[in-house]
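Open the model in your viewer and keep the selection panel at hand. Each stop below says what to select and what to look for.

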Amino acid sequence: MARDFASAPLPTDPVGYLYGPIAQGLAMSGPMAAANNGCWNSLTDIGDLTVTDVRDILDGTWGITDADDWMERLNALVSSGYGDWIAYHAADIRRDARRARDVSTLDDATWERELRAEAARLETQDGYADALVAAIPGIRAAEDTLRRGRLLAADEEVEALDAYDYVRAGNIARWGVAVGWGDPIIVRNVALAVRDAAIEHYSSWRDFGLGMTAGRIVTFPDTWGKRVIDGVELVRPFLDSVHSPWNHLPFPTEPLD
């Protein structure tokens with residue numbers, strides 16, 4: 001984990017999107033694209049994967065077998081409703097409570113009170129408040145993992161977890177296009193939708209990257225979440241490298257009209 005990523009190469013399409021809102025949205029799916037040697041700023045590049053590989057992944061890992069499944073999954077990812085969305089909500093409530101108090105961390109007792117108060121305010125179904133509270137240990141464990149990976153400071157908490165769905169949305173979009181379920185404009189539209197959604201949860205690329213990594217751990221604590229080095233190596237090039245779009249593009253602050 002002490003590896004230097006400052007000069008890590010990242011595949012980039014010279015004729016792809018390098019600036020502007022579409023580039024910002026595509027950059028949000030960059031870590032997963034780069035994991036397969038795909039260009040982060042392309043609407044169609046799937047890197048080292050073949051179309052057969054993509055079909056196998058979509059079917060075997062994602063349960064996506066046709067265009068209808070694909071669109072359903074894209075909508076869930078863009079709306080951050082595919083991962084552990086209850087934990088996502090719990091983290092959002094904590095962030096808002098911190099901001100209201102102007103503090104950097106929140107103790108568990110206060111966090112629980114805020115979760116129960118928000119569940120009551122929203123008039124959620126029976127058991128939802130308990131489910132929110134039950135998400136606290138998993139989020140804390142994910143943050144402890146980030147601290148061991150030297151990504152998160154001791155006096156710091158992640159802003160949100162939704163980025164894990166956003167990073168996957170752009171790649172699922174590209175893969176669906178690769179197998180013939182839609183046109184590249186869908187990837188463009190997903191990139192713009194993710195860009196605008198992320199503004200509600202994050203204010204910097206660093207916050208986005210930490211949220212992505214924590215969201216992965218929380219959503220898959222017994223599988224992908226245990227592959228800590230893999231998770232760190234997904235995000236560190238985008239956080240640290242001089243070739244990273246995250247170090248050249250401003251993080252979006254205003255949604256598109």
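The tour goes from the core to one helix, then to rings, charges and loops.

**Before you start**

This is a predicted model: local features need pLDDT of at least 70, side-chain atom pairs count only at pLDDT 80 or more, and totals for chains, interfaces and linings use all residues. Residues are numbered from 1 along each chain as its sequence is written, and side-chain values use heavy atoms, with hydrogens and water left out.

**Stop 1: the core**

Select Ile139, Leu161, Ile172, Trp175 and Phe208. Of the 77 residues in the largest nonpolar core, these touch the most other members. A nonpolar core here is a set of buried Ala, Val, Leu, Ile, Met, Phe, Trp, Tyr and Cys residues joined through side-chain atoms within 4.5 Å. Buried means under 20% relative accessible area, exposed over 50%, and partly exposed in between (1.4 Å probe, protein chains only). Now colour helix α9, residues 163–178: it gives this core its largest share, nine residues. Helices are DSSP runs (H or I, at least four residues), numbered from the N terminus. In soluble globular proteins, nonpolar side chains tend to be buried together.

Centre on Ile172. Leaving out residues up to four places away in sequence, Ile172 touches Leu58, Trp62, Ile64, Trp70, Leu74 and Leu77. Contact means heavy atoms within 4.5 Å.

**Stop 2: Ile64**

Move to Ile64, in the loop between α3 (51–60) and α4 (67–78). Is Ile64 buried or exposed? Its relative accessible area is 1%, so Ile64 is buried. Its contacts, again leaving out residues up to four places away, include Asp59, Arg73, Ile172 and Trp181. Draw a distance from the C-alpha of Ile64 to that of Gly176: 9.3 Å, across 112 residues of chain.

**Stop 3: helix α5**

Select residues 85–101, helix α5. Its 17 residues should span 24 Å at 1.5 Å a residue, and the end C-alpha atoms are 24 Å apart, which agrees. The expected span is 1.5 Å times one less than the number of residues.

Show side chains. Buried residues of α5 include Tyr88, Asp92, Ile93, Arg94, Arg95 and Arg98. Their cover includes α6 (108–121), α7 (128–134), α8 (136–148), α9 and α11.

Pick Arg95 and Asp92. Their side chains meet in a salt bridge at 2.9 Å, N to O. A salt bridge is a side-chain nitrogen of Lys or Arg within 4 Å of a carboxyl oxygen of Asp or Glu. The two are three residues apart in α5, so about one helical turn separates them.

**Stop 4**

Select Asp130 and Arg116, which meet at 2.9 Å, N to O. This pair links distant parts of the chain, with Asp130 in α7 and Arg116 in α6, 14 residues apart. Asp130 is partly exposed at 46% relative accessibility, and Arg116 is partly exposed at 34%.

Next, take Glu143 and Arg140, bridged at 3.8 Å, N to O. Both are buried. Bridges that share partners join Arg94, Arg98, Arg99, Asp108, Arg140, Glu143, Glu157 and Glu159 into one network.

**Stop 5: rings**

Show the aromatic residues. Rings of Phe, Tyr and Trp (its six-membered ring) pair if their centres lie within 6.5 Å; planes under 30 degrees apart count as stacked, over 60 as edge-to-face and the rest as tilted. The count comes to 11 aromatic pairs. Tyr164 and Phe220 are edge-to-face, 6.3 Å centre to centre with 85° between the planes. Tyr164 is in α9, while Phe220 is in the loop between α11 (205–219) and α12 (228–240), 56 residues apart.

Stay on Tyr164: Arg168 lies over its face, 3.9 Å from the ring centre. A charge sits over a ring if NZ of Lys or CZ of Arg is within 6 Å of the ring centre and within 35 degrees of the ring normal. Arg94 does likewise over Trp111, at 4.5 Å from the centre.

Last, select Tyr202, Trp205, Phe208, Phe238, Trp246 and Phe251, which ring pairs link into a cluster.

**Stop 6: positive phi**

Asp102 is exposed, with a relative accessible area of 72%. Finish at Asn37, in the loop between α2 (30–35) and α3. Phi of Asn37 is near 60°, a positive value in a residue other than glycine.
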